Amino acid sequence: MNQCKNDSAKKYSWTGEDSIEQYESTKAKFSDIDRAELHVHMNGSIPLSTIQDIFADESTELPAGFLIERDILRYKPCQSLSSYLTPWQVLRLFPKKRENLNLLSLAVFESLSQNNVRFVELRSSVLYLASLQNCAPAPAHALERLLESSRSASSRFGIRTGLILTVTRGDYSSVALSTLLQAYQDLGQPSDVVGLDLAGDEEITYPAELPSLFRKAKDRFGLGITIHAGETGRVDNVRTAVELFGADRIGHGTAASKAPQLLDFLAKKDICIEVCPISNRLTGAVLKNEAHPLLAFQRHGVPFVICSDNPAIHQRGLADDHMAAMNEGLSARDIYEQFDVAKRYSFIEGLD
Ligand SMILES: [Zn+2]
């Protein structure tokens with residue numbers, strides 16, 4: 001076994017008892033299937049080498065004690081969601097230059113292409129780009145640059161793309177959402193902006209008016225709504241996401257498995273859960289001694305799509321998440337059906 005394989009075996013050791021050879025051989029059987037990605041964060045998808053190149057080019061100072069090679073990757077389960085999120089201290093410090101935005105977009109789409117991704121809904125907070133790139137008039141200009149950059153990279157790799165605008169939980173989330181929606185309107189409501197997302201630590205509160213702002217945006221612009229909810233054990237957040245925010249899909253939703261009535265509610269409402277199996281183990285959303293809830297979702301008839309969340313941070317790709325989902329109990333047939341399930345619940349229109 002060469003050094004590279006030793007490293008891989010270490011990375012995969014938590015996923016099950018299979019040897020790395022068994023793992024790679026099973027993965028190879030699915031090497032030619034079409035895949036779709038409905039839950040992936042753009043700045044969690046930038047390959048490490050691209051991050052290093054951009055940091056060197058932009059001479060960006062890192063936070064004290066932060067080592068990119070050591071602190072930006074996540075291989076092993078973290079103590080908490082907030083410790084899993086530590087890399088974002090650095091992931092929002094770049095790109096300052098427009099050409100580096102283009103560079104990272106190409107790298108992100110190349111990785112998606114290597115995983116046979118045919119369509120993707122990419123998430124970005126956008127606003128941090130405006131402050132980094134001194135866009136004027138920000139932030140519509142930042143959104144325009146991001147759209148241009150991802151359009152160009154996605155057409156190069158032949159991947160249909162929609163952008164989901166992400167707002168992070170906290171005191172300023174309503175302001176951030178209003179700012180993003182104004183930028184979206186300033187650009188004439190581009191059709192490749194397809195949805196809105198609420199992300200971040202679920203222990204952090206948000207302004208009371210935030211849910212109605214999401215619902216109004218859905219009604220007025222026809223944007224899809226997806227909410228990170230039930231990732232850190234808060235069952236109530238899942239119901240709130242649907243009833244108050246108007247969520248069409250739920251990010252993670254692992255806590256819902258603890259409430260059978262809630263699962264029945266999700267099934268009845270046809271709410272799709274974005275299941276990110278590797279991320280769920282690394283964040284501690286699903287603990288080592290627990291079964292992953294995806295089989296409970298299946299038993300209750302709750303639709304779900306397998307997604308990768310932050311594949312570059314995990315040093316893996318969507319193909320590995322499909323493998324992890326099988327390791328958690330999905331059948332090969334379930335994996336083959338994933339592409340059609342993703343088409344059904346995607347916010348991108350006109351997928352054939
Ligand atoms: Zn996420």
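Pro95 sits in the loop between α6 (88–91) and α7 (98–114). The model is predicted. Other points to look at follow, by topic.

**Helix pair α10 and α11**
- Helix α10 (residues 173–186) packs with helix α11 (residues 210–221) at an angle of about 15 degrees, and the axes are 9 Å apart.
- Angles under 35 degrees count as roughly parallel, so α10 and α11 are roughly parallel to each other.
- The crossing of α10 past α11 is left-handed.
- On the α10 side, the contact residues include Leu177, Leu181 and Tyr184. On the α11 side, they include Leu213, Phe214 and Phe221.
- By class, this contact of α10 with α11 holds 8 nonpolar, 4 polar and 1 charged residues.

**Ser149 in helix α9**
- Ser149 belongs to helix α9 (residues 140–157).
- Its relative accessible area is 4%. Buried means under 20%, so Ser149 is buried.
- Leaving out residues up to four places away in sequence, Ser149 touches Leu101, Asn102 and Ser105.
- A polar atom of the Ser149 side chain lies 3.4 Å from the backbone oxygen of Leu101.

- Val126 has phi near 60 degrees, a positive value in a residue other than glycine.
- Val126 is found in the loop between β2 (117–124) and α8 (127–132). At 1% relative accessibility, Val126 counts as buried.
- His252 is not a glycine, yet has a positive phi of about 75 degrees.
- His252 lies in strand β6 (residues 249–252). With 1% relative accessibility, His252 counts as buried.

Note on methods: Residues numbered from 1 in each chain as written. Predicted model: local features only at pLDDT ≥ 70, side-chain atom pairs only at ≥ 80, totals over all residues. Heavy atoms only, no water. Helix = DSSP H or I, 4+ residues; strand = E, 2+ residues; numbered from the N terminus. Buried < 20%, exposed > 50% of the residue type's maximum accessible area, 1.4 Å probe, protein only. Polar contact = N/O pair within 3.5 Å; in protein donor to acceptor, adjacent residues only side chain to side chain. Contact = heavy atoms within 4.5 Å. Axes fitted to C-alpha atoms, helices over the stretch in contact; angles between N-to-C directions. Parallel < 35°, antiparallel > 145°, perpendicular 65-115°, else oblique. Left-handed = near helix turned anticlockwise from the far one by under 90°. Nonpolar A, V, L, I, M, F, W, Y, C, P; charged D, E, K, R; others polar.
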